[in-house]
Amino acid sequence: MREPLRVLIADDELLARKRLSRLLAALPDVSVSGEAVDGDSVLAAVRAGGVDVVLLDIHMPGLSGLDAMALLPEGGPHVIFCTAHAEHAVNAFEHGAVDYVLKPVEAARLQKALERARARLPARVKAPGVTAPTAAAAEKPALTRLPIPTRQGLVLVSPDAISHASLEDELVTVFTAQGDYLTDFTLNELADKLPPEHFHRVHRRALLNLSHVTRLEPLETGGYLARTARGHSVEVSRQSARELRRMLGLRKGAEDEG
């Protein structure tokens, strides 16, 4: 018996989700791993693990299906689009979709698409007696693109291109090599999404990517003024300065004593 294909249903319409769930229940070696109603919940479900295939709608609130697919981690689940909009098929396949199924979805067509997805999956190795997720499966996949909504559309930014983010007047600005963008993300949310080996909360109002820092200027407070390659300055608090010195292997300052 084959391992069950773990399928996430992603559609903002309840009737569409119910139809897909009913069709999947009738197929052998297939299990529904969950349901999502928008792009953000798709990404959250994928981060949680246990998803081999996403049945993804094109038009959803917030992130579109194509936007959500672009944010899936490398090695993540395969995507089958289930939509009423035929005009996006070429774009979907260019993004790497396994198949593109038009609504109303028929059982035979869905099964064919799922078999295509299964054929692309590596074999899952299951240790005897192990039921809990392994550490690798539970590990949060690296974010490849950060979605930032703007008036011109959704900007997908590589974390490597972000130098820092700062909070001013209750609004967070993300500073990148391509430009600066206001975002609804809080600094805490950004810190959770971005790679912790590069991004550090250096102040209650700032998140800093150390890869973009060219100079640290000491302040009388015991902190630093971090200078980025683009010429921006970011204040580093006294406590964060201590952590940076330990991280960088620098000699302790007088303020580190006690």
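This is a predicted model: local features need pLDDT of at least 70, side-chain atom pairs count only at pLDDT 80 or more; totals for chains, interfaces and linings use all residues.
*Entry 1.* I started with Arg109 and found it partly exposed, at 29% relative accessible area. Next I looked up the partner of Arg109: its side chain meets that of Asp99 in a salt bridge, with N and O 2.7 Å apart. I then placed the two residues: Asp99 belongs to strand β5 (residues 99–102) and Arg109 to helix α5 (residues 107–120), so I noted a link between distant parts of the chain, ten residues apart. Is Asp99 buried or exposed? Asp99 has a relative accessibility of 1%, so I put it down as buried.

*Entry 2.* How many salt bridges does the structure hold? I wrote down ten. One of them joins Arg6 and Asp52, with 2.8 Å between the closest N and O atoms. Arg6 sits in strand β1 (residues 5–10), while Asp52 sits in the loop between α2 (39–48) and β3 (53–56), so this pair ties together parts 46 residues apart in sequence. Arg6 is partly exposed at 26% relative accessible area, whereas Asp52 is buried at 5% relative accessibility. For Asp52, I kept in mind that buried means under 20%.

*Entry 3.* I turned to two strands next. Glu217 and Arg227 form a salt bridge through their side chains, at 3.1 Å from N to O. Glu217 is in strand β13 (residues 213–218) and Arg227 in strand β14 (residues 224–228), and I noted that this pair, ten residues apart, links distant parts of the chain. Glu217 is partly exposed, with 21% relative accessible area. Arg227 also counts as partly exposed, at 24%. I then looked for salt bridges that share partners, and found Asp11, Asp57 and Lys103 joined into one network.

*Entry 4.* Asp57 made me curious. Where is Asp57? I found it in the loop between β3 and α3 (65–70). Asp57 is buried, with a relative accessible area of 5%. Which residues touch Asp57, once its neighbours within four places in sequence are left aside? My list has Ala10, Asp11, Asp12, Gly65, Phe81, Cys82, Thr83 and Lys103.

*Entry 5.* I finished with α8 (238–248) and the segment after it. Which residues of α8 are buried? I noted Ser240, Ala241, Arg242, Leu244 and Arg245. These buried residues pack against β11 (199–203), β14 and β15 (233–236). Leu250 is partly exposed, at 44% relative accessibility. What makes up the nonpolar surface patch of about 280 Å²? I found Leu250 there together with Met247 and Leu248.

Methods:
Residues are numbered from 1 along each chain as its sequence is written. Side-chain values use heavy atoms; hydrogens and water are left out. A salt bridge is a side-chain nitrogen of Lys or Arg within 4 Å of a carboxyl oxygen of Asp or Glu. Helices (H or I, at least four residues) and strands (E, at least two) are DSSP runs, numbered from the N terminus. Buried means under 20% relative accessible area, exposed over 50%, partly exposed in between (1.4 Å probe, protein chains only). Patches are made of residues with over 30% relative accessible area and no salt bridge: like charges are joined within 9 Å, nonpolar side chains (Val, Leu, Ile, Met, Phe, Trp, Tyr) within 5 Å. Accessible areas come from the Shrake-Rupley method with a 1.4 Å probe; for residues, only the protein chains shown count as cover. Contact means heavy atoms within 4.5 Å.
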